[in-house]
Amino acid sequence: LNEPYKEVFSLRTFGELSFKQIAELFGKTEAWARVAYHRARLRIKEELK
């Protein structure tokens, strides 16, 4: 995964941070964090096919 997807996915999955906390770290909105996480999951699923 490319950045920021890799970091967003890691923070959410392994760091157990909320989308709000991730958004604050990146200086973005909570919606941005949700979309980045969703896109990261889709890319991982595609790679595992």
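This is a predicted model: local features need pLDDT of at least 70, side-chain atom pairs count only at pLDDT 80 or more; totals for chains, interfaces and linings use all residues.
Okay, let's start with the ends of one stretch: in residues 1-43, the end C-alpha atoms lie 7 Å apart, and that span is 72% helix and 0% strand.

The protein has 3 helices and 0 strands, and reading along the sequence you get α-α-α. There are 49 residues, and 24% of them count as buried. If you draw a box along the principal axes, the C-alpha atoms fill roughly 35 × 20 × 15 Å. As for contacts, take the ones between residues at least 6 apart in sequence: 45% of those join residues at least 24 apart.

Have a look at the peptide bond from E3 to P4, which is cis, with omega near 5 degrees. P4 sits in the segment before helix 1. Further along there's another spot to look at, E16, in the loop between helix 1 and helix 2. E16 isn't a glycine, and yet it has a positive phi of about 55 degrees. Why do I point these out? Because most residues other than glycine have a negative phi, and most peptide bonds are trans. And is E16 buried or exposed? E16 counts as exposed, because its relative accessibility is 68% and the cut-off for exposed is over 50%.

Helix 3 runs over residues 30-48, so that's 19 residues. From first C-alpha to last, helix 3 reaches 27 Å, close to the 27 Å expected at 1.5 Å a residue. Which residues of helix 3 are buried? That would be A33, A36, Y37 and A40. These four are on the same side of helix 3, because they cover an arc of only 100 degrees around the axis. What do they pack against? The buried residues of helix 3 pack against helix 1, residues 5-13, and helix 2, residues 19-26.

Leaving out residues up to four places away in sequence, A36 touches Y5 and V8.

That brings us to the core. The largest nonpolar core has 12 residues. Going through them, we have Y5, V8, F9 and L11, then L17, F19, I22 and A23, and finally A33, A36, Y37 and A40. Helix 1, helix 2 and helix 3 are the elements that give two or more residues to this core. As a bit of background, nonpolar side chains tend to be buried together in soluble globular proteins.

Last stop, the charged side chains. How many salt bridges does the structure hold? It holds 1. That's where the side chains of E30 and R34 meet, at 3.2 Å, N to O. E30 and R34 are separated by about one helical turn, because they are 4 residues apart in helix 3. And how open are they? E30 counts as partly exposed, because its relative accessibility is 35%. R34 also counts as partly exposed, with 44% relative accessibility.

Okay, that's my tour, so over to you for questions.

Key:
Residues are numbered from 1 along each chain as its sequence is written. Side-chain values use heavy atoms; hydrogens and water are left out. The expected span of a helix is 1.5 Å times one less than its number of residues. Buried means under 20% relative accessible area, exposed over 50%, partly exposed in between (1.4 Å probe, protein chains only). The arc is that of the directions from the helix axis to the C-beta atoms. Contact means heavy atoms within 4.5 Å. A nonpolar core is a set of buried Ala, Val, Leu, Ile, Met, Phe, Trp, Tyr and Cys residues joined through side-chain atoms within 4.5 Å. A salt bridge is a side-chain nitrogen of Lys or Arg within 4 Å of a carboxyl oxygen of Asp or Glu.
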